[in-house]
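Work through the exercises below with the sequence and the model at hand. Each task is followed by a solution in steps.

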Amino acid sequence: MPPTLTAFEHSPDRGQGLARDMRVRWALEEAGQPYDVRLLSFEALKQPAHLALHPFGQIPTYEDGGLVLFESGAIVLHVAERHPGVLLPAAADARARAIAWMFCALNTVEPPVFERAMALVLERARPWHAARLAMLEERIHDRLHRLAAHLGDADWLEGAFSAGDLLVVSVLLRLKTSGLLDAFPSLARYLARGEARPAYQRAFAAQRAVFAAGEAARGGAAPG
């Protein structure tokens, strides 16, 4: 039986590939691993059946036989370790560096990027919104400056594409239309290389198809 991934039935990202199941879909596609998807409503996320899989009532979760995992980074690491040489280098030191970039993506680069996204949605009416947004964007600029300095003219962060790149690109996707990447053309090209990978394209199409089907079922226009 293939592993089962949970995802939003009605994703708030509107088919843009930003929901965190996308990262796991992409990793599974890179590994050539078939998978099933169980779609959940927002109500179902808070029910005991799902809370038994994810204590915080979020997506994604990953079920494979008796193994249940939550947290997209942990799931991507598990997929990478199950398929040696695909998303993690075989050499021990190179593998360790790739894993370090996975942690960097989620612990250093993503927090201000995600906070900015939430501030734009949830905090616009707050009197301190403009100051907070400026602070977050300054922090993001610093992260991008340092990331670009490391990447240089290379295609990927540490030689060949790895799970570290997969997660860093996944985070940068939230900035694609923000204008914040304009000052970092090397990172814009890096992002485009990630999006151009066939495995990414398959994962994106699969996630977007869920949104399109939901829109059609609700009588809305399917996305172009």
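**Exercise 1.** In this predicted model, find the closest N and O atoms of Glu 81 and Arg 95, and state which parts the pair ties together.

Solution. 
- Step 1. The closest N and O atoms of Glu 81 and Arg 95 are 2.6 Å apart. A salt bridge requires a side-chain nitrogen of Lys or Arg within 4 Å of a carboxyl oxygen of Asp or Glu, and Glu 81 does form a salt bridge with Arg 95.
- Step 2. Buried means under 20% relative accessible area and exposed means over 50%, with partly exposed in between. Glu 81, with a relative accessible area of 41%, is partly exposed. Arg 95 also counts as partly exposed, at 28%.

**Exercise 2.** Determine which salt bridges Asp 142 forms with Arg 143 and Arg 146, and classify the exposure of these residues.

Solution. 
- Step 1. Asp 142 forms a salt bridge with Arg 143, where the closest N and O atoms are 3.6 Å apart.
- Step 2. Asp 142 also forms a salt bridge with Arg 146, and here the closest N and O atoms are 3.1 Å apart. Asp 142 and Arg 146 are 4 residues apart in helix α6 (residues 129–151), so about one helical turn separates them.
- Step 3. The relative accessibility of Asp 142 is 29%, which makes this residue partly exposed. Arg 143 is partly exposed too, at 27%. Arg 146, at 56%, counts as exposed.
- Step 4. The structure holds 16 salt bridges.

**Exercise 3.** Describe how helix α1 and helix α4 pack, and name the residues that meet.

Solution. 
- Step 1. Two packed helices are described by the angle between their axes and by the distance between those axes.
- Step 2. For helix α1 (residues 21–31) and helix α4 (residues 72–82), the angle is about 5° and the axes are 9 Å apart.
- Step 3. Angles under 35 degrees count as roughly parallel, and α1 and α4 are therefore roughly parallel to each other.
- Step 4. On the α1 side, Arg 23, Val 24, Ala 27, Leu 28 and Ala 31 take part; they meet Ser 72, Ile 75, Val 76 and Val 79 in α4.
- Step 5. Sorted by type, the residues of the contact of α1 with α4 are 7 nonpolar, 1 polar and 1 charged.

Key: Residues are numbered from 1 along each chain as its sequence is written. This is a predicted model: local features need pLDDT of at least 70, side-chain atom pairs count only at pLDDT 80 or more; totals for chains, interfaces and linings use all residues. Side-chain values use heavy atoms; hydrogens and water are left out. Axes are lines fitted to C-alpha atoms, for helices over the stretch in contact, and angles run from 0 to 180 degrees between N-to-C directions. Helices (H or I, at least four residues) and strands (E, at least two) are DSSP runs, numbered from the N terminus. Angles under 35 degrees count as roughly parallel, over 145 as roughly antiparallel, 65 to 115 as roughly perpendicular and the rest as oblique. Contact means heavy atoms within 4.5 Å. Ala, Val, Leu, Ile, Met, Phe, Trp, Tyr, Cys and Pro count as nonpolar, Asp, Glu, Lys and Arg as charged, and the others, Gly among them, as polar. Buried means under 20% relative accessible area, exposed over 50%, partly exposed in between (1.4 Å probe, protein chains only).
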